[in-house]
Amino acid sequence: MTDTAPSDDTRQAREFGRWLFSQTCTFVIGAVKLDDLPDSEITEIAFAGRSNVGKSSLINALTNHKDLARTSNTPGRTQQLNFFELGGKLMIADLPGYGYARAPRETVRQWTDLVGDYLQGRPQLRRTCLLIDGRHGIKDSDREVMKMLDDAAVSYLVTLTKCDKVNQAEMEKRISDVAEELKSHVAAHPDLIVTSSVRGDGIESLRAALAALVSER
Ligand SMILES: Nc1nc2c(ncn2[C@@H]2O[C@H](COP(=O)(O)OP(=O)(O)O)[C@@H](O)[C@H]2O)c(=O)[nH]1
Ligand SMILES: [Mg+2]
């Protein structure tokens, strides 16, 4: 990756991203069935990924909160979709994790029942960030979800997490492997975002990319 001076467009996008994500963010609902989904029509984005990949940490980092996403998780209700509203302009969905149990196939099938219906039937959903653990790369359970998203034409942005845990050489290899695999996925956004919620890498870029979905309107 090269480090070039940002263009005016990039600078403006980052500024808007920074502004948007500094707005008040509030927990809306933990949805356990389709009827619970907020009936707001504002632009929506979702965060999906395996359990423990860093979804809640990334939402907290983006919104500058310490425990926004985590505190709303009711133990034992891991299948709930948690919604947060940001400044009345953006709805953020923290989706339940998949692939944790030893039978990934079964977990992904259960995951797709509610989450699949949500992802495929939500017109205001503009982008799904699919989080992939930067230490491990794409796993089979991720591939199943990517296939489901491809088949349903749900556009997703692959975001590598925990890059602070991986040395640079390994990270470069991981990025090129993941980018190569993404080429065969029709609904995958061509960009790849590399993040660390701990160190802050990629947070500004991701804010800018997501805020652009709001400013486009
Ligand atoms: N080193 C490091 N740890 C992280 C990062 N993001 C998340 N974690 C840790 O990974 C674990 C799971 O994170 P969490 O956000 O709860 O994952 P979720 O299940 O996908 O919501 C927690 O112990 C986090 O502190 C990161 O960027 N770097
Ligand atoms: Mg979580």
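Guide: Helix α2 is followed by Asn64, whose phi is positive, near 60 degrees. Helices here are DSSP runs of H or I with at least four residues, strands are runs of E with at least two, and both are numbered from the N terminus. Most residues other than glycine have a negative phi, and most peptide bonds are trans.

The model is predicted: local features need pLDDT of at least 70, side-chain atom pairs count only at pLDDT 80 or more, and totals for chains, interfaces and linings use all residues. Residues are numbered from 1 along each chain as its sequence is written, while chains are lettered from A and ligands numbered from 1 in the order in which they are written.

α2 itself spans residues 55–62. Seven of its eight residues are buried, so the helix is mostly covered. A residue counts as buried with 20 or more other C-beta atoms within 10 Å of its own, as exposed with 12 or fewer, and as partly exposed in between; the C-beta atoms are placed from the backbone. The buried residues of α2 are Lys55, Ser56, Leu58, Ile59, Asn60, Ala61 and Leu62. For the 217 residues of the protein chain, the buried share is 38%.

α2 also supplies three residues to the shell around ligand 1, the largest share. That shell has 16 residues, and the closest are Gly54, Lys55, Ser56, Ser57 and Ser197. Being near the ligand requires a C-beta atom, placed from the backbone, within 6 Å of it. By type, the shell divides into two nonpolar, ten polar and four charged residues. Ala, Val, Leu, Ile, Met, Phe, Trp, Tyr, Cys and Pro count as nonpolar, Asp, Glu, Lys and Arg as charged, and the others, Gly among them, as polar.

Now to the rest of the fold. The protein chain has seven helices and seven strands, in the pattern α-β-β-α-α-β-β-α-β-α-β-α-β-α. An open sheet of seven strands has the order β1-β3-β4-β2-β5-β6-β7, with mixed pairing. Two strands pair if DSSP finds at least two bridges between them. β1 (25–31) and β7 stand at the edges with a single partner strand each, so one side of each has no neighbour in the sheet. On average, neighbouring strands of this sheet are turned by 25 degrees against each other, direction ignored. Such angles are taken between axes, which are lines fitted to C-alpha atoms, for helices over the stretch in contact; they run from 0 to 180 degrees between N-to-C directions.

α5 packs on the sheet, touching β2, β5, β6 and β7, and its direction makes about 165 degrees with that of β5. α6 packs on the sheet as well, touching β5, β6 and β7, at about 165 degrees to the direction of β7. Contact means that the C-beta atoms of two residues, placed from the backbone, lie within 7 Å. Of the contacts in the protein chain with a separation of 6 or more, 76% are between residues 24 or more positions apart.

Within the sheet, strand β2 (residues 44–49) runs parallel to β5 (residues 125–133), joined by six bridges; Gly49 has Leu131 as its bridge partner in β5. Six bridges also join β5 to β6 (residues 156–161), again parallel, with Asp133 opposite Thr161. From β5 the chain crosses through helix α5 (residues 140–151) to β6, and this β-α-β crossover is right-handed. That is, with the strands pointing away from the viewer, the path from the first strand over the helix to the second runs clockwise.

Ala153, in the loop between α5 and β6, has a positive phi of about 55 degrees although it is not a glycine. It is exposed, with 9 other C-beta atoms within 10 Å. Lys162, in the loop between β6 and α6, has a positive phi of about 60 degrees and is not a glycine either. Lys162 counts as buried because it has 24 C-beta neighbours inside 10 Å.

Finally, His185 sits in the loop between α6 (168–182) and β7 (188–194). With 17 C-beta neighbours inside 10 Å, His185 is partly exposed. Beyond its neighbours within four places in sequence, His185 is in contact with Met146 and Asp150.
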